[in-house]
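I opened this notebook page to record two interfaces that I looked up. The entries follow in the order in which I made them.

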Amino acid sequence: MRLLEVRDLKKYFRVGGGLLRAAGTVKAVDGVSFAVEEGETFALVGESGCGKTTIAKLVLMLERPTAGSILFNGEDLASLGSAGVKAYRREVQTVFQDPYASLNPRLRVRTIIAEPILAHGRPERAELRQRVEEVLDVVGLPKTAADLFPHEFSGGQRQRVAIARALALNPRCIVLDEPISALDVSIRAQILNLLADIQERFRLTYLIIAHDLALVEHFSTRVGVMYLGNMVEAGPTSEVFAHPRHPYTQALLASVPRPDPDHRAPVDAIRGEIASAMAPPSGCKFHPRCPHARPVCNTEFPGWRDLGATHSAACHLLESN
Amino acid sequence: MVILALVVIAAAFGENVAPHDPNGLNLAAAFRPPVWEPKGEWAYLLGTDNLGRDILSRIIAGARVSLVSALYAIVFAGAIGGLIGMISGYFGGVVDAIIMRLVDIQMSIPALALALVIAAVFGADFDTVVIVIIVTYWTWYARIVRGEILSLKERDYVALAKVAGCGTATIFFRHLLPNIMNTLLVLATLQVGQVIIFEASLSFLGLGIQAPDVSWGLMLSDARNYITNAWWAITMPGIAIMITCLSANMIGDWLRDTFDPKRRQL
Amino acid sequence: MSRQALLRVENLRTHLFLKRGVLKAVDGVSLHVDEGETLGLVGESGSGKSMTSLSIMRLLPKQSGRIVDGNVWLDGTDLTSLPEDEMARDWRGRRVSMVSQDPMTSLNPVFTVGDQVGAPFRYHKLAQGARAVRDAVVKVLSRVRIPSPEKRLDNYPHQFSGGMRQRVVSAMAIACAPRLLIADEPTSNLDVTIQVQMIELFRELQRDSGLGIILITHDLGVAASICDRIAVMYAGRIVEVGDVRTMYRAAAHPYTQALLNSIPHLGQRKRRLYAIAGQPPSLIDPPVGCRFAPRCPRRTAKCDADYPPQVELAPGHVTACWHPGPGAVA
């Protein structure tokens with residue numbers, strides 16, 4: 001079942017300028033569509049400035065889309081009334097990248113975890129207490145943690161608190177925005193395993209935002225690769241990683257440094273740097289860096305090519321089958 | 001700190017501490033110099049003015065007016081300015097643009113000219129002083145709080161509170177207000193000095209406190225005519241103003257340092 | 001093997017004197033870097049890798065940090081015993097320099113790039129006169145492959161992209177043709193496609209000049225692609241050091257093995273990752289025995305009692321572990 005669907009989503013930001021006139025427009029997200037099935041882990045991957053974090057904010061209703069729609073359970077978020085929004089907030093929670101910034105330093109862990117619960121009702125004290133201790137236990141923290149302040153924890157433990165808070169309302173979907181990249185290497189595996197465990201236990205759907213391709217390959221079931229506000233390739237993770245078809249996906253995969261002294265990333269896989277999102281290249285936005293660019297890439301925006309039942313890419317060089 | 005505490009005590013228990021009635025005329029004892037001068041007397045520690053009123057007693061009485069007006073003004077200016085700043089910073093967009101233009105306009109009107117107008121309309125008294133000070137100083141709070149909120153509202157935990165389903169009021173009072181309290185407090189303390197001086201200048205110009213109430217500014221104004229033959233009458237309240245402002249500023253600096261987490265480390 | 005030891009660090013101890021107590025950030029570190037060699041210093045935050053490099057540069061936090069023991073020999077001179085003015089005049093930035101993680105904070109936004117890259121030339125009096133400095137800057141900018149350096153010279157840092165800024169910072173670091181370059185996480189803020197270009201740049205610089213490099217990183221992938229040797233740090237000490245191939249194929253210390261197994265690698269899909277339990281120890285009051293023991297799967301009574309001595313398993317492959325051995329941790 002489709003839990004979350006994004007249709008032709010656009011988010012433009014005005015930059016600079018005064019009250020009436022903007023100096024320029026950044027097309028952070030420029031016509032992205034994808035669907036997340038219930039119980040799966042869908043990953044959005046790409047380099048900085050590709051728009052993946054903006055999509056997360058749009059899905060979390062922290063920003064309003066410029067155009068396009070987001071459907072949850074078949075219902076358009078834009079059409080929800082305030083009661084509908086409240087219900088949606090119960091279902092969709094999030095874990096952010098930096099556990100140092102995501103917990104209010106002045107509040108105790110108990111208050112932090114109880115906040116979403118209290119925003120949706122007035123449970124009895126004992127009930128609330130029990131729920132807080134329950135989710136602390138799920139994330140592997142002792143009951144005593146509830147009475148401490150965030151600064152009394154290490155980074156990994158703070159991220160556990162953030163996960164506990166996200167679980168407090170028993171949501172169906174959690175948006176994970178770079179959930180481990182701020183953590184120490186030896187802690188990352190603990191948190192990833194924990195996220196995998198709770199997904200299984202509570203039948204959660206994950207939308208994960210990441211730049212680390214190895215993490216995405218390990219963790220997700222389907223993936224969408226983004227470049228400068230567009231999705232360029234999407235499909236089952238195993239297939240996209242084994243047979244990347246878009247030149248950008250190929251270059252990205254080839255560039256990842258591997259823990260193998262005899263592996264050398266090819267330097268010519270990709271040229272130059274990402275163009276400015278304020279003045280993106282014409283045609284295919286990747287063409288100035290693409291080793292296979294043709295004249296048509298400069299003039300025409302490439303449409304989607306189906307490369308199999310579920311695998312597709314947006315590139316002039318590929319033929320639909 | 002000790003000095004400010006003394007001033008506060010003087011303001012609170014003025015009648016009981018003062019050696020003389022601040023308005024008690026005693027023409028026979030007019031223009032007595034302070035005690036350490038050749039003709040000084042222990043009865044009038046800091047001397048007397050043209051009507052023989054004891055300067056020390058008047059300073060003590062004036063402390064109350066000065067402090068109370070400063071306190072009133074700062075609390076109201078802080079609350080009004082702070083709230084407006086929070087709204088402006090949090091909601092942004094058109095609301096923010098309008099409020100900030102208002103602030104700009106307010107800041108470009110000379111405070112004394114404004115005081116003249118208000119005094120002309122409402123008459124010069126204690127309330128006028130407080131109103132003028134509030135109208136002049138709220139913009140400071142609005143600006144600074146707005147700046148703080150602009151950065152605070154981008155914090156992850158504020159975004160998370162929204163995702164959790166918290167209302168605007170919860171976000172304001174749980175996540176934003178506690179984080180700007182320090183700034184407000186520090187700014188308020190630093191302004192005590194400024195406001196006292198402002199009150200003194202208003203009263204000096206005759207736009208503020210009127211006799212028989214006593215204020216430091218009024219004392220300066222009264223003593224101005226006799227500056228050549230009774231220097232103490234104008235100097236003593238001046239020194240009182242200076243010392244009070246200085247100690248208020250020092251406390252403000254100290255508060256800022258203690259609240260700044262970066263300086264608390266090591 | 002006619003390489004000479006360029007840098008030799010012997011038994012370095014650097015402590016931070018904090019309100020909470022004495023933090024033994026670096027607690028007996030010995031290492032060496034040969035000419036033209038890249039040593040990877042790998043570890044988590046707080047393992048002491050950055051403090052080691054700051055000790056070599058003598059750039060420790062003034063109030064709290066102090067080298068309490070040990071020597072740092074560079075080209076036969078003990079840097080720890082030099083007076084500060086000599087260190088600043090003849091060594092720091094001249095013969096040993098540094099590239100840090102964040103190129104934006106290393107560059108002053110109000111000066112042009114040409115001004116800033118020219119600063120080391122002027123300070124160390126390597127070029128006299130505006131003309132000569134300008135020429136030298138153009139030369140060094142083209143060495144770090146910045147396109148049309150004559151024009152970009154007059155630009156300000158914000159006019160450069162992240163990758164280009166990191167190149168500018170590298171240009172400043174190699175301006176005076178140093179003997180040793182310390183690169184502290186030089187690629188971790190960059191996107192992967194830019195990372196490849198930086199890695200290639202470091203390799204080129206080294207090939208051209210016989211520069212010795214210490215690369216500080218937590219990314220085992222980056223370390224594998226540039227380094228000749230790898231030293232793994234944990235809780236203020238080096239737990240294993242060896243040739244890069246040995247370290248990735250036959251690591252003997254359980255911490256090194258755990259690090260390699262605990263992060264996902266491209267093309268090796270696993271059901272679950274090996275997770276190292278617990279947290280690194282406090283460096284104010286570290287354990288008496290092996291510092292990794294509380295988190296180690298091979299822990300025995302001996303590990304808790306005494307710190308393990310260094311064992312040379314093969315030439316150049318040294319580990320400090322009571323139970324070294326091939327991948328028992330997986």
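**Conventions**

I worked from a predicted model, in which local features need pLDDT of at least 70 and side-chain atom pairs count only at pLDDT 80 or more, while totals for chains, interfaces and linings use all residues. Residues are numbered from 1 along each chain as its sequence is written, chains are lettered from A and ligands numbered from 1 in the order in which they are written, and side-chain values use heavy atoms, with hydrogens and water left out.

**Entry 1: the two domains of chain C**

I looked up the division of chain C and found domain 1 (5–95 + 179–320) and domain 2 (104–177); such bounds come from an automatic or database domain assignment. The centres of the two domains of chain C, taken over C-alpha atoms, are 29 Å apart. Domain 1 of chain C brings 18 residues to the contact and domain 2 of chain C brings 15, where contact means heavy atoms within 4.5 Å.

I then noted the buried area (the accessible area, 1.4 Å probe, that two parts lose on being put together, summed over both). For these domains of chain C it is about 1,300 Å², with 56% on carbon and sulfur atoms. On the side of domain 1 of chain C, 35% of the area buried against domain 2 comes from C:Arg94, C:Leu201 and C:Leu205, more than from any other three residues.

I searched for salt bridges (a side-chain nitrogen of Lys or Arg within 4 Å of a carboxyl oxygen of Asp or Glu). The rule finds one between the domains of chain C. I also recorded that the side chains of C:Glu204 and C:Arg145 meet in a salt bridge at 2.4 Å, N to O.

Helix 2 (84–91) and helix 8 (192–209) of chain C each supply at least two residues of the side of domain 1 that touches domain 2; helices here are DSSP runs (H or I, at least four residues), numbered from the N terminus. Helix 8 of chain C gives the largest share of that side, nine residues.

**Entry 2: chain C against chain A**

I turned to the chain pair, where 45 residues of chain C and 43 of chain A are in contact. The area buried between chain C and chain A is about 3,800 Å², and carbon and sulfur atoms give 54% of it.

The rule finds three salt bridges across this interface of chain C and chain A. I noted A:Asp260 and C:Arg249, whose side chains meet in a salt bridge at 2.8 Å, N to O.
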